[in-house]
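Hi,

Here is the structure I promised to pass on.

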Amino acid sequence: METRISSWNELQDSLYENAWIDEIQRFRPPFAFRGLSCADFTLATSLMRLTDNHAQLEGHLVRNFKKYAHRDVVDQGSFWYWLSVAQHHGLPTRLLDWTFSPYVALHFVTDNPLLYDCDGAVWCVDYKKVHEQVPEALRSLLAKEGADVFTVEMLKDIPSLSEFDGLAGAEDFALFFEPPSIDDRIVNQFALFSVISNPLTGMDGWLRNHPDVYRKIIIPYELKWEIRDKLDQANVNERVLFPGLDGLSRWLKRQYLPIREKMKS
């Protein structure tokens, strides 16, 4: 479902729609969020953006990452740990970055002033509904742990992506898992990853085949500066989400962008 909002207050209502969970009497929405600075951008993975024959390169990329990064990776027992570290450090993989935080998603809608002339979007995916469609063995894992989202430890008995893909039946399935807390960036961004049982399947295409599990909120470009300023006041910015000197520099660069440059956008 696609919704176009027209104000900050309407945006808050849309982001927190269906947040109340009656069984536990708490506001605990089962949503993963991904913010895009341009609403027309797809949910293609970094692997899909690499080349047309990306499926053939996937195994080579992961194998060589493990070979050359061996001395820099502390936990070497889980394939999913390796894959999380690779994704986190920029290796093209079939993983896609999401967050539990709608405000972190809004940051990525508004972090690039050069794209303030186009509408943005936040994808909201109900991971509980997504996980209702994973194979029985994986549903049993969630039930055993009393969890709604997978972890790398829960997936440790699946030693490769080829074996993961082999769990699929007639249709591809998707799942969400939390990466290990490798550093403050993952922690502060409240991060999680999605993965699909086929490197050729894009997340947006998979979601459109399952319209009951997601919403796409369109954010008019006219609202971007208001959202950006309110996020900065709430301390949701590059300095916090990318701890260190690089994040600090990115934050200061945007904070002190001359007005004339803002108007060009």
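How many helices and strands are there in the protein chain? There are 14 helices and 10 strands, taken as DSSP runs (H or I, at least four residues, for helices; E, at least two, for strands) and numbered from the N terminus.

Before you dig in: this is a predicted model, where local features need pLDDT of at least 70, side-chain atom pairs count only at pLDDT 80 or more, and totals for chains, interfaces and linings use all residues. Residues are numbered from 1 along each chain as its sequence is written, and side-chain values use heavy atoms, with hydrogens and water left out.

On the overall fold, the C-alpha trace spans about 55 × 45 × 35 Å along its principal axes. Of the 265 residues, 49% count as buried, meaning under 20% relative accessible area with a 1.4 Å probe, protein chains only. Among contacts (heavy atoms within 4.5 Å) with a separation of 6 or more, 73% are between residues 24 or more positions apart.

The bit I'd look at is β10, residues 214-219, where 6 of 6 residues are buried. Tyr214, Lys216 and Ile218 point one way, while Arg215, Ile217 and Ile219 point the other.

As for its neighbours (strands pair if DSSP finds at least two bridges between them), β1 (residues 2-4) runs parallel to β10 over 3 bridges, with Glu2 partnering Lys216. Strand β6 (residues 120-126) is antiparallel to β10 and joined to it by 6 bridges; there, Cys124 is the bridge partner of Arg215.

Cheers

Notes:
Buried < 20%, exposed > 50% of the residue type's maximum accessible area, 1.4 Å probe, protein only.
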